[in-house]
Amino acid sequence: MFVIYYLIAMCVFSGINACLLSCFYRRPLNSFFTAFFFSIVLADFGHLFLALSTTIEGAIVANKVCYLGSCFLPLLLFLLICRLCSFNIPRWVKLVLFAYSTLVFALSCTVGFSDIFYESVRYVVLNGFGSYMPTYGPGHILWNILLYSYVIANIVVIVLAERQKRNVSYRTLFAIATLAFFSIGLFIVARYMENDTFLMPLVYLIDELVLLYICALVKMHDVMNTVLESLEAENTAAYLAFSPKGLYLGCNDIATKFFPELLDCRVDHIL
């Protein structure tokens, strides 16, 4: 029963974190943040339903709920990292990435009807809760490609941001790197475990906490939104922001027109 209570707690905490994001960080952030948090809620409920399952049919349905969340989490995490590192992804690229994740999820839905994703699956009880043991089919390689591709893509984006994006804080970059390597690294580890029902909800919760911290950093450094909130449409002056310790936090577009050298200034450093 401990595992069931633990999974219920993870669902509650993930839901609370999603509400915190929606309430406190709505304006500076885009929809990918909200989608990422609610995908975690969905994945957590999938793990709970799997643990509560008593038949192979119930385990298969719960597994599909898990895949509905996890097929899109690596994609959303990648888009979040690009957003936080100030990289613009073309719309057609986003559509292609979403189409690929949708294809992988569609293949996962064939479990129980076809052997393309899972050649076979059997119901088992591990430590008192429901689970399953699959034999992967040829289509499952697409899931592996999805996961490892985003690992490489996240590393590339973080390295490029450190070298090219002066307006990205080192603290934000460190938090992003921690989030990316920790979550996807443990996701890969979980793939080789006998059962990931206990590990993944905890990983998701830590992801949410790190993202809330990143949201706080983004809100602090989002100088343009700060100016807009105070002056609305009357933004006719140059503004620079500094922390109480004298660290440069950023500036608005007008300031960069008068002082182009600000584009080369690193945030969180003394000018």
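User: In this predicted model, which residues of helix 4 are buried?
Analyst: Helix 4 is mostly covered, with 11 of its 12 residues buried. The cut-off for burial is a relative accessible area under 20%. The buried residues are Leu 73, Pro 74, Leu 75, Leu 76, Leu 77, Phe 78, Leu 79, Leu 80, Ile 81, Cys 82 and Leu 84.

User: How far apart are the end C-alpha atoms of helix 4?
Analyst: Helix 4 covers residues 73-84, and at 1.5 Å a residue its 12 residues should span 16 Å. The model agrees with this expectation, since the end C-alpha atoms are separated by 16 Å.

User: What is the relative orientation of helix 4 and helix 5, parallel or antiparallel?
Analyst: The axes of helix 4 and helix 5 (residues 91-108) come within 10 Å and cross at roughly 160°. The crossing is right-handed. Angles over 145 degrees count as roughly antiparallel. The two helices are therefore roughly antiparallel.

User: How is helix 4 oriented relative to helix 6, and which residues of helix 6 does helix 4 meet?
Analyst: The axes of helix 4 and helix 6 are 10 Å apart and pack at an angle of about 10°. This angle makes helix 4 roughly parallel to helix 6. From helix 4, the contact involves Pro 74, Leu 75, Leu 77, Phe 78, Ile 81 and Cys 82. On the helix 6 side, the residues are Leu 146, Leu 147, Tyr 150, Ala 153, Asn 154, Val 157 and Ile 158.

User: What geometry does the aromatic pair of Tyr 67 and Trp 143 have?
Analyst: The whole structure contains 10 aromatic pairs. In the pair of Tyr 67 and Trp 143, the centres are 5.7 Å apart and the planes lie at 85°. Planes over 60 degrees apart are classed as edge-to-face, so the geometry of this pair is edge-to-face.

User: How many residues apart in sequence are the parts tied together by Tyr 67 and Trp 143?
Analyst: Tyr 67 and Trp 143 are both buried. Tyr 67 lies in helix 3 (residues 56-70) and Trp 143 in helix 6 (residues 141-164), so the pair ties together parts of the chain whose separation is 76 residues.

User: Which residues are linked by ring pairs into a cluster that includes Tyr 67?
Analyst: Tyr 67 is one of the buried residues of helix 3. Ring pairs join Tyr 67 into a cluster with Phe 117, Tyr 118, Tyr 132, Tyr 136 and Trp 143.

User: Is Tyr 204 buried or exposed, and which residues does Tyr 204 touch?
Analyst: Tyr 204 is placed in helix 8. With a relative accessible area of 3%, Tyr 204 is buried. Leaving out residues up to four places away in sequence, Tyr 204 touches Ile 40, Ala 43, Asp 44, His 47, Ser 70, Leu 73 and Phe 187.

User: What is the relative accessible area of Asp 207?
Analyst: Asp 207 is located in helix 8 (residues 199-221). Beyond residues up to four places away in sequence, Asp 207 touches Phe 36, Ile 40, Leu 179, Phe 182 and Ser 183. Asp 207 is buried, and its relative accessible area is 4%.

Terms used:
Residues are numbered from 1 along each chain as its sequence is written. This is a predicted model: local features need pLDDT of at least 70, side-chain atom pairs count only at pLDDT 80 or more; totals for chains, interfaces and linings use all residues. Side-chain values use heavy atoms; hydrogens and water are left out. Helices (H or I, at least four residues) and strands (E, at least two) are DSSP runs, numbered from the N terminus. The expected span of a helix is 1.5 Å times one less than its number of residues. Buried means under 20% relative accessible area, exposed over 50%, partly exposed in between (1.4 Å probe, protein chains only). Rings of Phe, Tyr and Trp (its six-membered ring) pair if their centres lie within 6.5 Å; planes under 30 degrees apart count as stacked, over 60 as edge-to-face and the rest as tilted. Axes are lines fitted to C-alpha atoms, for helices over the stretch in contact, and angles run from 0 to 180 degrees between N-to-C directions. Angles under 35 degrees count as roughly parallel, over 145 as roughly antiparallel, 65 to 115 as roughly perpendicular and the rest as oblique. A crossing is left-handed if the near helix is turned anticlockwise from the far one by less than a right angle, and right-handed if clockwise. Contact means heavy atoms within 4.5 Å.
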